[in-house]
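Visitor: Could you take me inside this protein and give me a close look at its interior?

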Amino acid sequence: KIIIEPPFKVKKTANKEIDIRNNLEELLHIFEKYILKYPKEYLWSYKIWKYGKGKNILILSDGKTGHLRQAQAVTEIINSYLKNKGTNTCIDTIEVKYKNKFARYVLTSSCGLSGKYYCQGCLWCLKTSLLGDTYKSLIGITPDVVISCGSSVAPINFVLSRENLAKSIVVMRPSILSTNRFDLVTMPRHDNPPRRRNIVVTEGALNLINEEYLKEQSQRLIQSSVVPCLPAGRSRQSSDVYIGLLIGGDTKNFSLGKNRISEVIKEIKSVSQNLNMDILVTTSRRTSREMEDLVKKELREYLRCKLMVIANEKNIPEAIGGILGLSQIIVISPESISMI
């Protein structure tokens with residue numbers, strides 16, 4: 001059944017703003033009349049007004065802190081740009097959890113094979129692949145921009161941005177999916193990124209670290225009283241000289257051996273004695289129990305070790321930023337671009 005209304009006559013007066021509002025309201029009343037009459041015929045599942053003053057940004061997290069920080073760095077750049085344009089932003093972060101590894105593999109494969117607008121509006125693929133809470137959280141948001149970092153969340157980005165007609169931004173290579181499926185891809189040079197208009201090449205990992213961040217995190221670390229030589233309220237003196245040690249963990253192509261870490265700690269102790277420097281050390285959640293025990297054995301009773309954070313036991317949010325801000329020398333394990 002096709003219903004044809006009489007031609008709509010646009011009302012024009014000397015006040016353009018009032019004319020726009022009045023004409024739009026009259027047009028919407030026509031739509032409203034038919035929606036009320038045939039409610040089951042009406043479907044509009046995504047955000048109607050795409051060009052308003054507010055923008056919703058959705059960050060998809062895979063649960064890895066390094067990946068989340070890179071996605072947040074991109075978000076901060078976009079947020080700053082939009083604020084300068086007078087646009088308000090609302091930022092949501094959702095951690096994506098699959099039902100199992102097989103579900104993730106199937107979703108990635110199906111996204112790789114599907115057309116740009118194939119199966120739009122269904123979302124059956126998300127419902128069958130993701131845990132219930134994750135699925136409910138994702139469908140309850142209507143983003144204008146979807147940002148993700150990591151291969152496991154790239155297919156979710158593809159589906160959600162397509163469903164909501166949103167801009168899609170991915171950090172690092174998006175698994176087996178073509179980079180052409182996204183509006184913007186940022187990739188480090190070591191990933192050998194292809195030369196395409198939608199690809200931005202970075203020399204290192206994106207991050208939130210700047211001078212202001214380092215100053216703030218350093219002050220928080222000082223005020224937390226976890227650094228004995230820097231009581232709360234005391235400003236940093238020229239004699240407060242530190243070596244920072246950041247220890248990660250094993251990856252697919254890298255093993256952080258016990259002998260290697262033992263040798264590093266030995267050298268750092270020697271340098272701290274010779275140069276009259278104190279040591280600030282933190283492990284990561286990927287650090288093995290064996291490495292953690294070694295660090296505790298070598299540094300817990302060492303007088304020049306002023307801070308030791310074992311992330312799997314008691315993490316301190318300001319540990320990384322504080323160590324980076326307070327230290328003159330940083331020694332860091334090289335297993336990932338984010339660590340470096």
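Guide: Here is a walk through the nonpolar cores, then the cysteines, then the cavity.

Before we start, this is a predicted model, so local features need pLDDT of at least 70 and side-chain atom pairs count only at pLDDT 80 or more, while totals for chains, interfaces and linings use all residues. Residues are numbered from 1 along each chain as its sequence is written, and side-chain values use heavy atoms, with hydrogens and water left out.

A nonpolar core here is a set of buried Ala, Val, Leu, Ile, Met, Phe, Trp, Tyr and Cys residues joined through side-chain atoms within 4.5 Å. Buried means under 20% relative accessible area, exposed over 50%, and partly exposed in between (1.4 Å probe, protein chains only). The largest core has 27 residues, and Leu60, Leu126, Leu138 and Ile156 have the most contacts inside it. Strand S1 (54–61), helix H3 (101–113), helix H5 (132–139), helix H6 (154–163) and S5 each give two or more residues to this core. H6 provides the largest share, five residues. Those labels are DSSP runs numbered from the N terminus: helices are H or I with at least four residues, strands are E with at least two.

Now zoom in on Leu60. Leaving aside neighbours within four places in sequence, Leu60 is in contact (heavy atoms within 4.5 Å) with residues including Ile94, Leu138, Cys149, Ile156 and Leu160. There's also a second, separate core of 18 residues, with Ile268, Ile279, Val281 and Cys305 among them.

What about the cysteines? A disulfide is a pair of cysteine sulfur atoms within 2.5 Å, and a search of the whole structure finds zero. The sulfur of Cys111 is 5.7 Å from the closest cysteine sulfur, in Cys125, so that is too far for a bond. Cys149 is in no disulfide either; its nearest cysteine sulfur, that of Cys111, is 18 Å away. Cys111 is buried at 4% relative accessible area, and Cys149 is buried at 1%.

A cavity is a set of points, on a 1 Å grid over the protein atoms alone, where a 1.4 Å probe fits but cannot get out; lining residues have an atom within 4 Å of a point. The largest cavity is lined by residues including Gln70, Val171, Met187 and Leu206. Strand S5 (residues 184–188) gives the largest share of that lining, three residues.

Methods: 1 Å grid on protein atoms, 1.4 Å probe; cavity = no way out; pocket = protein on both sides within 12 Å on 5 of 7 lines; lining within 4 Å.
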